[in-house]
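Me: I would like to go through this model by asking, at each step, what a label rests on. Please set each value beside its cut-off before drawing a conclusion.

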Amino acid sequence: MRPAIRRRPFLPLFVTPAVLVAAAIVAAMAAILRYSLHAYVPGSLDVGGFTLENFADLTRPIVLRALRDTVLICFETALITLVVGYPVAYALVRTRSVLLKSVILVTAVTPLFLGEVVRTYAWTVVLGNTGFVNAMLRQVGLIERPIQFMFTELGVIVALVHVTLPVMVIMLAAALAHIDRDYERAAQSLGAGPVRAFLTVTLPLSMPGVVAGFTTAFAWTFSAFATPQVIGGGKVGVVSTLVYQLGLSSFNFPVAASLSLAGLVLALGTMWAVRRAARPFEAMGGH
Amino acid sequence: MRRGLRTRILGISGTLLVALILAFIVLPAFVVTLAAFNDRAILSFPPAKYSTRWFTRALTYRDFQTGLWNSLVVTAWASSIALAVGTGFAIALKRYAFRLKDTLEGVLLSPLIVPHFTIGLGLLVLATGLGAARGFAVVVVTHVIVVLPFVIRSVYISLQNIDERLELAAASLGARPGRVLTTITLPLLAPGLVSGWLFAAILSFNEFTASLFVTGQATQTLPVAMYGYVREFADPTLAAVSVIYIAVTAALLTVANTFLGLGKVLNVEQGR
Amino acid sequence: MLSKAVDLSPPANLPGTAPSPRPAPAVRLDGVVKRFGTVTALEETWLQVEQGEFLTLLGPSGCGKTTLLNLMAGFLEADAGEIFIGGDLVTATPPYERQIGIVFQNYALFPHMSVAKNVGYGLRMRGVGKREIAERVGQALDLVKLSGLADRSPRQLSGGQQQRVALARALVIRPKVLLLDEPFSALDKNLRGAMQVELKEIQRRLGVTTVFVTHDQGEALSMSDRIVVMSAGRIRQIGTPDQVYRHPQDRFVAGFIGDVNRLPARLEACAGERATVTIRDLRREVEAGALRDCAPGAAVDVFVRPDHLTLRPAGEPGTLPARVAALVYQGSHIDLHADLDLSATEGASAGGRVVVRMPGQGALATHAPGTEIGLLVPQAGLVAFPPEG
């Protein structure tokens, strides 16, 4: 055995705290798994014997509808966010003015750092029946009775797009920033107009960012709670609100846990499917 | 000539589009600010009379006061712990090979895709099982878990920009590993550490969904208190709180952008 | 020039003061092997670097020269074999205890420290007193002619100045060996030449043992006491610059050092140290060396320098027929590219491109592309090797 020069100084010091945090994450997931497989004892936080009953509970129409709606809402939100976020990311990366770049960056990113509660509340003020949009429309005489945004899927999606937009912009901008401008110039020198150059060169090269942005937006939307809860007002049932109702209103931890798991599996499964479907497009980005 | 015109039209409509989207982004902040200064207790636009009484109420409302204090305590602990844990792990991730490295990374980054309500519920049932529910410890742990991926990412990116040869040069000059760390690696990492900590602090201060599950009456953080308020009252007090929130966050980000280069931290700077 | 007593060198190797007739070599590698996974980056290597010597590791990228340097520095661990520095076994010694100085390609100056702090870093790590540090840093900066810039940040310095700082930083700890990893490649061409002369001067004055890694054969030839030519993880030849330039021991060295033409030929006979080959119908004598194992009649390659070929009128007896393909203006000389007509040589590919280096500009007017010419191959200065594979 050759004597070893110490090549990994402080490895235990660096990794042990991380292992402890990871252990907490794993323990929390294990706790969810354990609860989901044990019977609910009404009026008690303790659980009964082993059962698969909780998962059978998930086939109730209300749960199935929530699962389906969640995926649909997340999908629509991610798609709209992508379409809205791309121009901003493009402008952010390509603008030559330092000031403009800062303005776009701070504007686009600030909502990321405002909690869900503040943003959701702000949207109730914008979309409410006596809110900003309805007041303005009424003032100019376009409508007589307020348009119902609150407690609709449309309202929820508008607010969710706003919530996920910053992440989308950041991920798209990161991808665009790493595309050499000379590709676009080369395309233009070969006779492609700006639109063609964008569609044939820049867009394909940014596909990895598009896929990453889409899946992240999907995950964030899936995780959203305050927005569907407050703006949806119980009319728009999604997994997160249902888990909250079961867990913190009825204290039915076992069913909440099984629904959490189902939601997690559904989220991961959908993201996996999206990634798979997008693989041919992603390959266009090279690297 | 035609092409020139088309390019110009394209440029102008592009600028307009981006301006519209940016307007969409700032619209809620703008509207909420209007609402916060509205004297009436019921929403109405445009406000007939302006006042600052909702700010007074916001600042004197007991739940917000305790919520703010709790949030500050939790944020200070959580972001500092996350910074220490994340820095160590990012260095190990970047520099060393070790067993189960990928698994560990996967678990630690999982909160980026695992819904926060799942994490919150998991830690709630775990803490309940351990008899530690509704204490500050579980809130801090929850926040550490949720913000850690951002710290790891931020520090890791900073590490990528440090030439490893600087550390080798230091070693060749006689610096033991500990001295290399304290005299070379950490000083060069300082901007990354500051921005990582700032990131963590802002995110922790704003964390809501997971907190909702693990906080109790005594430990509720400001966002949780605000959520409770929305459900009970409809007056613009919350608008006033939101304005304070928005102002502080935008100010912090502007500072961060000026001194640290937000673009670099977020990795959106044009390469060439 | 250096009137003050600048002592940056290890005490034992001042020229002429060596205590014993044969001191331990500065560096010794005994059968050192390095693998990365399944790839062998360095095959079993035996090498000695003498005290005060300027030794160059020369080879293309991926030849193992940097791996060898990193093994000496202690940045990598050998998979087999032993490494000695100044007679001490250091195979398992970490870099911070090896007492080696290293100058990296990008200099690796600490960006958060001033020039003086950079240079003094190694002394601080050794717990040297403040006053002595200041004194020795001052001397080192004097040596590299940067005395006025002690308080600057490395970022404010030019490439050449940064390199001087890196050199001062490596020398101030009085290293047993100075390792230089492609230190000139980041400098522009004019500065590079000046820095090479200056570095060599400092090295000679201090007598510090130096191991220099480069892929630039010009640098290697001009600076080294000895050159180690490497390729594919193996040492191909060790020798003085003149030895490797004029007497390459294998095909690789012949092709890598200096510009060279390859002429297909046939082995006629081997007798003792000399061998006879024919290029088309020209008979020439070469060193037998690598041809000893070849049977008479075998195809071989003859290597000749572009400046050793001479232009003759087409058809002149004793020349090789060729046609001018291109003329490349190089300032001080012209490179004439010509296609050889080798149809008479059995087994040779139809033709071959050769370069003839001609001083002056006369050829530009007289040898337009397409002109038929004759090439005179010299009697001496030829080397021959068996073909590849």
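**Labels and what they rest on**

Reply: Of the 389 residues in chain C, 43% are buried, and this, like everything that follows, is read from a predicted model. Chain C has nine helices and 20 strands, and its C-alpha trace spans about 80 × 50 × 45 Å along the principal axes.

Me: What makes a residue count as buried in that percentage?

Reply: A residue is called buried if 20 or more other C-beta atoms lie within 10 Å of its own. The 43% given for chain C is the share of its residues that count as buried, and for chain B, which has 272 residues, the share is 49%.

Me: Why is B:Phe199 called buried?

Reply: B:Phe199 has 25 C-beta neighbours inside 10 Å, and therefore it counts as buried, the cut-off being 20 or more. This residue is found in helix α8 of chain B, and, when residues up to four places away in sequence are left out, B:Phe199 touches B:Phe150, B:Val151 and B:Ser154.

Me: How far is B:Phe199 from B:Asp63, in sequence and in space?

Reply: The two are 136 residues apart in sequence, and their C-alpha atoms are 26 Å apart in space.

Me: Which elements make up the secondary structure of chain B?

Reply: Chain B comes to twelve helices and zero strands, and read along the sequence its pattern is α-α-α-α-α-α-α-α-α-α-α-α. The C-alpha atoms of chain B fill a box of roughly 75 × 75 × 30 Å along the principal axes. Among its contacts between residues at least 6 apart in sequence, 74% join residues at least 24 apart; in chain C, residues 24 or more positions apart account for 68% of the contacts with a separation of 6 or more.

Me: How do you know which parts of chain B are listed as "transmembrane region", and what does the model have in those spans?

Reply: The listing comes from UniProt, in an unreviewed entry, and gives residues 12–37, 68–93, 105–130, 136–159, 180–205 and 238–262 of chain B. In the model, residues 136–159 of chain B are 100% helix and 0% strand, with end C-alpha atoms 33 Å apart, while residues 180–205 of chain B are likewise 100% helix and 0% strand, with end C-alpha atoms 34 Å apart. An unreviewed UniProt entry also places "domain: ABC transmembrane type-1" on residues 68–256 of chain B, a span that is 81% helix and 0% strand and whose end C-alpha atoms lie 22 Å apart.

Me: Which residues of chain A does UniProt list under "transmembrane region"?

Reply: The unreviewed entry lists residues 70–93, 149–177, 197–218 and 253–274 of chain A. Residues 70–93 of chain A are 100% helix and 0% strand in the model, with end C-alpha atoms 33 Å apart, and residues 253–274 of chain A are 100% helix and 0% strand, with 31 Å between the end C-alpha atoms.

Me: Why is the packing of α4(A) against α7(A) called oblique?

Reply: Helix α4 (residues 98–113) and helix α7 (residues 153–177) of chain A pack at an angle of about 125°, with their axes 8 Å apart. Roughly perpendicular covers 65 to 115 degrees and roughly antiparallel needs an angle over 145, so α4(A) is oblique to α7(A). The crossing of α4(A) past α7(A) is left-handed. In the contact, A:Ala108, A:Val109, A:Pro111 and A:Leu112 of α4(A) meet A:His162, A:Leu165, A:Pro166, A:Val167, A:Val169 and A:Ile170 of α7(A), and by class these comprise nine nonpolar, one polar and no charged residues.

Me: What makes up the contact between chain B and chain A?

Reply: It takes 80 residues from chain B and 86 residues from chain A. On the side of chain B, helix α1 (residues 2–36) gives the most, with 16 residues, and that side divides into 57 nonpolar, 20 polar and three charged residues.

Me: And how many residues form the contact between chain B and chain C?

Reply: This contact takes 16 residues from chain B and 18 residues from chain C. On the side of chain B, α7 (164–172) and α8 (177–206) each supply at least two residues, and α7(B) gives the most, with seven. The residues on that side divide into ten nonpolar, two polar and four charged.

Notes: Residues numbered from 1 in each chain as written. Chains lettered and ligands numbered in written order. Predicted model: local features only at pLDDT ≥ 70, side-chain atom pairs only at ≥ 80, totals over all residues. UniProt positions renumbered as here; feature names shortened; annotations may be inferred. Helix = DSSP H or I, 4+ residues; strand = E, 2+ residues; numbered from the N terminus. Contact = placed C-beta atoms within 7 Å. Nonpolar A, V, L, I, M, F, W, Y, C, P; charged D, E, K, R; others polar. Buried ≥ 20, exposed ≤ 12 C-beta atoms within 10 Å, placed from the backbone. Axes fitted to C-alpha atoms, helices over the stretch in contact; angles between N-to-C directions. Parallel < 35°, antiparallel > 145°, perpendicular 65-115°, else oblique. Left-handed = near helix turned anticlockwise from the far one by under 90°.
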